[in-house]
Amino acid sequence: MRKALTALTLCSLPLLLAAQSPADYSNHQQQSRRIQSLQTAYPNLVNLKSITRTTGGKDIWMITIGTAPAAAKPAIAVVGGVEGHHLLGSELALGFAENLLAGSSTDSIRQLLARTTFYVFPNMSPDASEQYFAKLKYERQGNATATDDDRDGRLNEDAFDDLDNNGKITLMRVESPIGDYKPHPDDARVLIKADPLKGEKGIYLLYTEGTDNDKDGRFNEDGEGGVWFNRNFTHNYPPFIPGSGEFAVSEIETRALLDQLYELFNVYAVVSFGTNNNLSSPVTYNAAAATQKIVNGWQEADVKVNGTVSDLYNKTVVLKDAPKTSPAGGDFLSWAYYHYARYSFSTPGWAVPKVKPDTAKKEKALSVDDAAANYLRWAAQQGISNTFTEWKTVSHPDFPQQKVEVGGLNPYVLLNPPYKLVPAIVQQHTNFLVKLAALQPTLELLNIKTEKVAAGLTRITVDVANKGLLASHTKLGERNYFTKRIQVKVNTNPNQQVISGRKNQLLGSLEGNGSTQLSWLIKGSGKITIDVNCPTTGNISSNINL
C-alpha cells in the first residue's frame, strides 16, 4: 500500500483554480452568502440545505457536491467549525467547496465528481465563532444555550468583563506573594509557571480578564457560551463539566448532524478541522484499548490506514510543529470512528512554527519552551502586528490592595493564522482531499470463469476485488449492525437454479487492493447477472453466459 501511495503522490494533479477569497475571516452572514452563491453558480453539482437552526438562530448548512444521484456514490464528509474559536476550520471546509467547484470544468475534477460525493458542513459552531466579530472579542466555544456551568442555580451570571475597555478579553495578572507565575526569562511580557522544585518563586496570580460577579471565588466561570459542539458527543462523553451539556447530543446542531450522517450510508471517511490531530501525527496501535469489550482504541488495520493517509497528508500539506493531541472525550473525531465506524481524520490545518533565533538581531534560542513566547517571536519575524496587548494597570474591586494588570496575547492568534496565509492553506487542504478521494474503495469483478460440469450445470467463479487503497469498511465497522456490507446477489430467471453457493450474501470488509473469491453451481441455460452493491464502494454488475 505504501508503494502504491508513493506512486499516487508523485503523479501530478492539475492545480485547482482558487476561488476568490474574502479579505478576512467570514462571519455567519458572509459565510451564508458564499455558500448560497455556490448553488447559484453550480446548480448541476451543488445541493444546499439547512439541516437545522441553532438556539442563536443561525443555519447549519450542508453542501452536497457531485453529480446526481449523490447517494449512489462513495462519499467523504468534510466538517468545519468543530470548535468555535478555530475560525480556520470553517474557512478550510468552505474554501475546499469553493476551490473544488472552481476547478469543476477540468477533466480531472469532472471525473472526480462523477465518482465521488462530498458532503460539506462548513460551520457547526456558528453561535460561538460569531464572537470573533462581536463588540467584545474573546475565544468562545459554546453555543447560545444558557447554562449553569458552576452549578449554583443561576445562568450565565459570571461572564467576562472588559476591564481596560479595549473590546477584547485577554489575561489578568495580580501581584501576590503566593503567586505561581513569573515572567519568562527571555520575554518579560509572557508569564510561565514557576517550578518550586527548581527553587523558583512566582510573583503573580493569573486569571482571565474579569471580575468575580457572583462572589464565589472564581472568575468568568459561568458566562455566555453554553455547550461546546466538540464536547457533546457520545464516545467517552464527559458529564458534569462546563461545555459538555446536560447529556450527550443534547444540542440541536449536534443531533441534526448525527441524524444526517446516520442516513448517509455512502460515507466512507470523515475529515474534520479542529485542534484534534491524527493527520500530521497518526494514531498508534494500543492492543489493550483496541480489544476491550467497550473498544477504546483504533483497530490495528485501521491504524495502518491512518498511517497511510497521514503520509499522504504530510506530503501534500506543509504543517510543521502541530502538537500531537489526545481527544478529551465527547469529541467529534472520536465519535466518527468509534460510533459512526468510519475512517475519521482531523487536523488543525495550521500551527505556529517553532522559530529559530534571528542571529542578525543577536537572538538566542528560548531558554524555556512556551507557546506564547514562541508565537511573539514568530510574529515579530513575520512582521505581524496587533498580536499582543501590553500590560496595563487597572483598578479591581476584588483586589483592592493589590496591583492588577490586564494584557497578554490577543484572542484567537494562537489557533488562527493571519488571514493573508489562509488561501494557500486552503489550497493545500483542497489538494489533500482530492488525493484522499483517489484512494477510495472501488469494487470490480475479476477473473470471471465458467466451467461446464455436466449437461445443464455450470460452475461460475469470480473474484470480487477492491481496487482502491482504502478498505471498503473500517475494521471497527465490521462489529456493528448499521454499516452496510458488500452485498453479492446472483439474479436468475425462473428456468435457472443455484445448486451450490449462496444466491444472496454479505461480505466482510475488503482490504485495499484485496479480493475474495466466490463460486456458484448454476443449473440451466442463458444468462445470469451478478450484482455487487455497497454504499461505500459503489455498485457493479456483470452478465455471464452459462
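The model is predicted; local features require pLDDT of at least 70 and side-chain atom pairs count only at pLDDT 80 or more, whereas totals for chains, interfaces and linings use all residues. Residues are numbered from 1 along each chain as its sequence is written, and side-chain values use heavy atoms, with hydrogens and water left out.

The protein chain contains eleven helices and 20 strands. These elements are DSSP runs numbered from the N terminus, with helices (H or I) of at least four residues and strands (E) of at least two. Along its principal axes, the C-alpha trace spans about 105 × 55 × 55 Å. Of the 546 residues in the protein chain, 55% are buried; here, buried denotes under 20% relative accessible area, exposed denotes over 50%, and partly exposed lies in between (1.4 Å probe, protein chains only). Among contacts (heavy atoms within 4.5 Å) between residues at least 6 apart in sequence, 72% join residues at least 24 apart.

Axes are lines fitted to C-alpha atoms, for helices over the stretch in contact, and angles between N-to-C directions run from 0 to 180 degrees. A crossing is termed left-handed if the near helix is turned anticlockwise from the far one by less than a right angle, and right-handed if clockwise. Helix H2 (residues 28-41) packs with helix H3 (residues 87-102) at an angle of about 25 degrees, their axes lying 11 Å apart. H2 and H3 are therefore roughly parallel to each other, given that angles under 35 degrees count as roughly parallel, over 145 as roughly antiparallel, 65 to 115 as roughly perpendicular and the rest as oblique. The crossing of this pair, H2 and H3, is left-handed. In H2, the residues Gln-31, Arg-34, Ile-35 and Leu-38 meet Ser-90, Glu-91, Leu-94, Gly-95, Ala-97, Glu-98 and Leu-101 of H3. The contact of H2 with H3 comprises five nonpolar, three polar and three charged residues, where Ala, Val, Leu, Ile, Met, Phe, Trp, Tyr, Cys and Pro count as nonpolar, Asp, Glu, Lys and Arg as charged, and the others, Gly among them, as polar.

H3 also packs with helix H11 (residues 422-437); the two axes come within 9 Å and cross at roughly 65 degrees. The crossing of H3 and H11 is right-handed. H3 contributes Leu-88, Glu-91, Leu-92, Gly-95, Phe-96, Asn-99 and Leu-100 to the contact, and H11 contributes Val-422, Ile-425, Val-426, Gln-427, His-429, Thr-430, Leu-433 and Val-434. By class, nine nonpolar, five polar and one charged residues form the contact of H3 with H11.

The crossing of H8 and H11 is right-handed. Val-309, Leu-312, Tyr-313 and Thr-316 of H8 meet Gln-428, His-429, Asn-431, Phe-432, Lys-435 and Leu-436 of H11. Five nonpolar, four polar and one charged residues make up the contact of H8 with H11.

Two buried residues were examined individually. Lys-182 is located in strand E6 (residues 181-184) and counts as buried at 19% relative accessibility. Its side chain makes a polar contact of 3.4 Å with the side chain of Glu-200; a polar contact is a pair of N or O atoms within 3.5 Å, of which, within protein, one must be able to donate a hydrogen and the other to accept it, and residues adjacent in sequence count only if both atoms are side-chain atoms. Not counting residues up to four places away in sequence, Lys-182 touches Val-190, Leu-191, Ile-192, Ala-194, Glu-200, Lys-201 and Gly-202.

Val-413 lies in the loop between strand E12 (404-409) and H11 and is buried, with a relative accessible area of 12%. Leaving aside neighbours within four places in sequence, Val-413 is in contact with Glu-139, Trp-350, Tyr-375 and Thr-387. Val-413 and Lys-403 are ten residues apart in sequence, with a C-alpha to C-alpha separation of 27 Å.

Backbone geometry was also considered. Most residues other than glycine have a negative phi, and most peptide bonds are trans. Ala-68 and Pro-69 are joined by a cis peptide bond, with omega about -5 degrees; Pro-69 is in the loop between strand E2 (59-65) and strand E3 (75-79). Phe-240, not a glycine, has a positive phi of about 60 degrees. Phe-240 is in the loop between strand E8 (204-208) and helix H6 (252-263) and counts as exposed at 69% relative accessibility.
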